[in-house]
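Please open the model in a viewer in which residues can be selected by chain and number.

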Amino acid sequence: MLRKIRIALATIFFVGITALFLDFTGALPAYLGWMAKVQFVPAILALNVSIIVILALLTLLFGRVYCSVICPLGVMQDIVSNLAARRKKARFSYSKAKNVLRVTMLVLFVVALVANAAMLAALIEPYSAYGRIVNNLFAPIYMWGNNLLAYFAEKADSYAFYSVDVWMKGIATFAISAVTFIAITILAAKNGRTWCNTICPVGTVLGALSRYSLLKPTIDTSKCNGCKLCSRNCKASCIDAENHKIDYSRCVACMDCIDTCRKGAIGYRYAGFGTTNAAKETTETKANNSRRQFLSAGAIITTGTLFAQANKKVDGGLAAIEDKKIPERATPVVPAGAGSLKNFTTHCTACQLCVSKCPNDVLRPSSSLDRLMQPEMSFERGFCRPACTACSEVCPNGAIKPIAAEEKSAIKIGTAVWIADNCIANKDGVTCNNCERHCPNGAIKMIRKKDGDKDAPRIPMIDAERCLGCGACEYVCPARPFSAIFVEGIESHRTI
Amino acid sequence: MNNEEKNNMKRREFLKRLGGGAIAASSVAAIGCSGDKGKKRYVAEGIGGDVPTDAMTYRVNHNSGDKVSILGYGMMRLPMKRDEQDKEIIDQERVNELVDYALAHGVNYFDTAPVYCKGASEKATGIALSRHPRNSYFIATKLSNMRGDNSIEFGKEMFANSLRELQTDYLDYLLLHNLGNKDAYNKRFIENGLLDYLLQQKREGKIRNLGWSFHGEKAFFDFMLDEAGVHWDFIQIQMNYVDWQRGNPTAEYMYKRLAEKNIPVVIMEPLLGGRLAKMNYQAMEMLKEREPEKSVASWAFRFAGSYEGVLTVLSGMTYMEHLQDNIRTYSPLTPLTEEENNMLMDVAKRKMGFENIDCTDCKYCMPCPYGLDIPSIFAHYNRCLDEGRMPQNEMDEDYKQQRREFLIGLERGVPKLRQADHCTGCRECEHHCPQRIRISREMRKIDEFVQKLLGDGRI
């Protein structure tokens, strides 16, 4: 019964969070956004005291149910482990706790956070790791499925589905997500909750609390016949059946053992504030820094002639559009709501929830080493529309704080910079005022060139004090592959 | 009941055989003929029903004595398909079928141009027509030196190439393509001596009728008629019931001047690029009330054909059902009564009230140097207007759904980077537009509308 309740609750959370990450229409955050906000590390980073207190109390009452129900990475491992169990049952065995490794990982994690290297911590933060896996591996499949439906909908003249662009947002982040997914899947298939009880910092912290939880599964030695079935089915490898002891720091309160025991010897009972039999032995551990591979995104651009003038064939044909290249920005542009670049980089654990919610394809994970996987903005596919606050609505970490659209339309996050040599008014002598026309804040005016005659094509003048840094000018700029006008980020956002 | 059933069967069988596609035109014609036992059964929008083979209305060109079918085949909108490399090419098999069918049903005027279908139309036309006796049809093509090169060599080569592509040693009708203003006319045909060269070709019998197609202003039209100093065998103008009293010059003005000079008139855009076939429901209702089983398009064809001075009415028929519908309309032509004519003028007024953009999808504006898909953007805008599905008022209870349909439809019709927001306003396209649409201004209008509609970008 208890196990079934656990599975039911876990299913709700798992499906909910996965759907939250997959949804690209922006309809779900209103209903499911809280599921991201109750995650442990995000709550700490967002200084969400009430959530932290609730999670701590929950653990002190029931043990690590957080790991079994709320944490999507934990539930994902249970699913993998469950599938693996169909091939081989009772494949686990008791092992001693690797406390040195656990504490080392926790210390590294905390140091990384305190030292403003949130992106290093992000590598092992469970919720974010799962978010990245969904965003990078599952979402494309989901979107392709959607596009197939959209294809049929179009045939049927229906507007129920519309197709969306599926594109490689960051190859480094994709690779890290794939490696994380493969590693965790293998670990879970072989040894159940190894990750949670060795690497995961949340598991270690909650494990320290769950030793003292009021309710625990305990073994009634009078009923136990020593068959060890419980131990061999414990995915956390924490039941020492020989000594009738359970390591509550590793027990994730999954209740599997209660159902497994044929003698009814295991029950979930009030146990008082007793300590456990945590192994005292120290184990040799190697702080094995996982090697990371960084592939720089050397975008291969297909070139096309822009001004292909066919003399004879005037009828029809579309000019090829050369892909835009991402300009090198001295300071990255991050969403309004971040407040400052520093606040953003120290709070973001790169879960990619905002990336998956950005309706204008502006956000994508960074490939730069110091902000690896943390989102940044660029404007090849759209611009940051002043009326949109999608990222600020979902960020659970406080890296992007909630803002209203009215507020946002006055927050400066960057400054447009003009590159004379790229501008088609100079390069091709053609009239264009696309940047001026699309600036939502009227920060661009077309002016006469200094030495040009009055009929020569005009060039843009940027009022840096009015410019919000939304990227509309960069997006619509016809110069390719590099826009003639692009946004430079600013360290500290401000209201203008 | 019994009769009805029989007819239904015949129709189905007929369509089935047509669908087979491989059947030669003559046998199709035979079915069409023998299947008709005096009973006519027309179904809405001209789909289904019998297609007569021997009732086409003809007009005589008094300059050359040509007996020309009132329905002319425009080879500008030929059926396309994708080849192995996913490149769009002409579907020659279907072109052959259409041409065979047209000939078998009395159509004998085929109008192409070197620039149609990205330059592939003449060749496809040549392939299809060369399978029939040369004296069973008339070929019309054009001198399309509108862009770039104004040299006589280029013009001569274009003419020679037309003969090669069309697999013939003479052209029945040659047009100076798309005359827009005096300046361009002088550069293209006078200063370089190209017109003299063409007149020479006419004397040698390589051109049987010489004329021009017109997309310019009134003064230039008058100049061409009165002061050009050349005998024109025919003139091609845009004429339909919307343009009859619209523009400078109006179609009415042009037609009347040509009639007074006794010059045979070839009609283009009788359907305004298909827009008189799909119109807003209000206007459609007016037509359907009178003739529920006749297609909306048939009214436009009857309008154009009703004028006696018209030699032929061109229609770019991509699909078999359009060809069949038009053949029916003209086999034989029933001229409009005065009362019907008045009603069409009323429809025209209503149609114009909706502020459509006058794009006929001729694609002369393309390629846009910045990659925009100009005709598709206009087509989407016009369609939403025509269907009364424009998300104009946020208070409408339908607004949300209309907005969604507009945005999704736009994404489906035009890739993001080819939409109106990427128009730089360079106006390169505008002097190519035969309809003289102020394209960049329209783009700006559409862009502003779409940006407002997009809001935060969520659909």
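**Before selecting**

This is a predicted model, in which local features need pLDDT of at least 70 and side-chain atom pairs count only at pLDDT 80 or more, while totals for chains, interfaces and linings use all residues. Residues are numbered from 1 along each chain as its sequence is written, and chains are lettered from A and ligands numbered from 1 in the order in which they are written.

The model scores ipTM 0.82 and pTM 0.70. Next, select residues 1–44 of chain B, where pLDDT stays under 50. Where pLDDT is low, the predicted coordinates should not be read in detail.

**The two chains together**

Display both chains and select the contact between them. Residues are in contact if their C-beta atoms, placed from the backbone, lie within 7 Å. Chain A contributes 32 residues and chain B contributes 38 residues. On the side of chain A that touches chain B there are 16 nonpolar, 11 polar and five charged residues. In this classification Ala, Val, Leu, Ile, Met, Phe, Trp, Tyr, Cys and Pro are nonpolar, Asp, Glu, Lys and Arg are charged, and the others, Gly among them, are polar.

**Chain A**

Chain A has 21 helices and 10 strands; helices (H or I, at least four residues) and strands (E, at least two) are DSSP runs, numbered from the N terminus. Of its 496 residues, 45% are buried. A residue is buried if 20 or more other C-beta atoms lie within 10 Å of its own, exposed if 12 or fewer, and partly exposed in between, with C-beta atoms placed from the backbone.

Now select residues 99–114 and 201–210 of chain A, which are helices H7 and H12. How are the two axes arranged, and at what angle do they cross? They come within 9 Å and cross at roughly 115°, so H7(A) is roughly perpendicular to H12(A). Axes here are lines fitted to C-alpha atoms, for helices over the stretch in contact, and angles run from 0 to 180 degrees between N-to-C directions. Angles under 35 degrees count as roughly parallel, over 145 as roughly antiparallel, 65 to 115 as roughly perpendicular and the rest as oblique.

Show side chains for Arg102(A), Val103(A), Met105(A), Leu106(A) and Phe109(A) in H7(A), which meet Pro201(A), Thr204(A) and Val205(A) in H12(A). This contact has six nonpolar, one polar and one charged residues.

Move to Gln352(A), in the loop between helix H15 (341–347) and helix H16 (353–357). Its phi is near 75°, a positive value in a residue other than glycine. Gln352(A) has 29 other C-beta atoms within 10 Å and is therefore buried.

The last stop in this chain is Pro481(A), in the loop between helix H21 (472–476) and strand S10 (485–495). A cis peptide bond, with omega about 0°, joins Arg480(A) to Pro481(A). Most residues other than glycine have a negative phi, and most peptide bonds are trans.

**Chain B**

Select chain B, which has 16 helices and 12 strands. Buried residues account for 44% of its 459 residues.

Select helix H3 (residues 92–104) and helix H4 (residues 121–129) of chain B, whose axes come within 9 Å and cross at roughly 55°. H3(B) and H4(B) are therefore oblique to each other. Gln92(B), Val95(B), Asn96(B) and Val99(B) of H3(B) make the contact with Ala124(B), Ile127(B), Ala128(B) and Leu129(B) of H4(B). By class, the residues are six nonpolar, two polar and no charged.

Lys118(B) lies in the loop between strand S6 (109–111) and H4, and its phi is near 50°. Is Lys118(B) buried or exposed? With 20 other C-beta atoms within 10 Å, Lys118(B) is buried.

Go on to Asn240(B), in the loop between strand S10 (234–238) and helix H9 (251–260). Asn240(B) counts as buried, with 24 C-beta neighbours inside 10 Å. Beyond four places in sequence, its contacts include Glu269(B), Pro270(B) and Phe303(B). Pro249(B) is also in the loop between S10 and H9, and the peptide bond from Asn248(B) to Pro249(B) is cis.

Finish at Asp149(B), in the loop between strand S7 (138–143) and helix H5 (152–165). Asp149(B) counts as partly exposed, with 15 C-beta neighbours inside 10 Å.

How values were computed: Two residues are in contact if their C-beta atoms, placed from the backbone, lie within 7 Å. pLDDT is the predictor's confidence in each residue, from 0 to 100.
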